[in-house]
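Biologist: Please take me through how to read a few features of this model.

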Amino acid sequence: MSILGKRLKEARLKNGLSQEQLGLQAGLEVESASARMNRYERGTRAPTVDLMERIADVLDLPLTYFFALDESEASLLVLFHRMSTRNKKALLEAAESLKGARNC
């Protein structure tokens, strides 16, 4: 199973959706929604970026989450995605100051 397929399945199950439900909410045709989502999860087909953006929107996840190879990075992407704009700015400022401190 590809990393995209693994993350897609985990996110879908966490949201309590069937493959068909997720496909339909992402705009796939009724006749093919379940089969297409199954192929994406198994890694036998790759969805377009446009479709992945719609799936990410349905699941309230950043597109990049589905492609992150590292679990910690994937978790941070989700947390950052769901933060308020104010908290994102504060986190980025804190990270920048840590980067500067590390170079000393």
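**Helix packing**

Modeller: The axes of helix H1 (residues 3–14) and helix H3 (residues 33–42) cross at roughly 125° and come within 6 Å. H1 is therefore oblique to H3, as angles under 35 degrees count as roughly parallel, over 145 as roughly antiparallel, 65 to 115 as roughly perpendicular and the rest as oblique. Axes are lines fitted to C-alpha atoms, for helices over the stretch in contact, with angles from 0 to 180 degrees between N-to-C directions. Helices are DSSP runs (H or I, at least four residues), numbered from the N terminus.

This is a predicted model: local features need pLDDT of at least 70, side-chain atom pairs count only at pLDDT 80 or more, and totals for chains, interfaces and linings use all residues. Residues are numbered from 1 along each chain, and side-chain values use heavy atoms, without hydrogens and water.

Biologist: Which residues of H1 and H3 make the contact?

Modeller: Contact means heavy atoms within 4.5 Å. H1 contributes Leu4, Gly5, Lys6, Leu8, Lys9 and Arg12, and H3 contributes Met37, Tyr40 and Glu41.

Biologist: Which residues touch the most other members of the largest nonpolar core?

Modeller: Such a core is a set of buried Ala, Val, Leu, Ile, Met, Phe, Trp, Tyr and Cys residues joined through side-chain atoms within 4.5 Å; buried means under 20% relative accessible area, exposed over 50%, partly exposed in between (1.4 Å probe, protein chains only). Here the core has 21 residues, and Leu8, Ile55, Leu59 and Phe66 touch the most other members. H4 gives the most, five residues.

Biologist: Where is phenylalanine 67 found?

Modeller: Phenylalanine 67 lies in the loop between helix H4 (49–59) and helix H5 (71–82). Its relative accessibility is 46%, so phenylalanine 67 counts as partly exposed.

Conventions
Helices (H or I, at least four residues) and strands (E, at least two) are DSSP runs, numbered from the N terminus.
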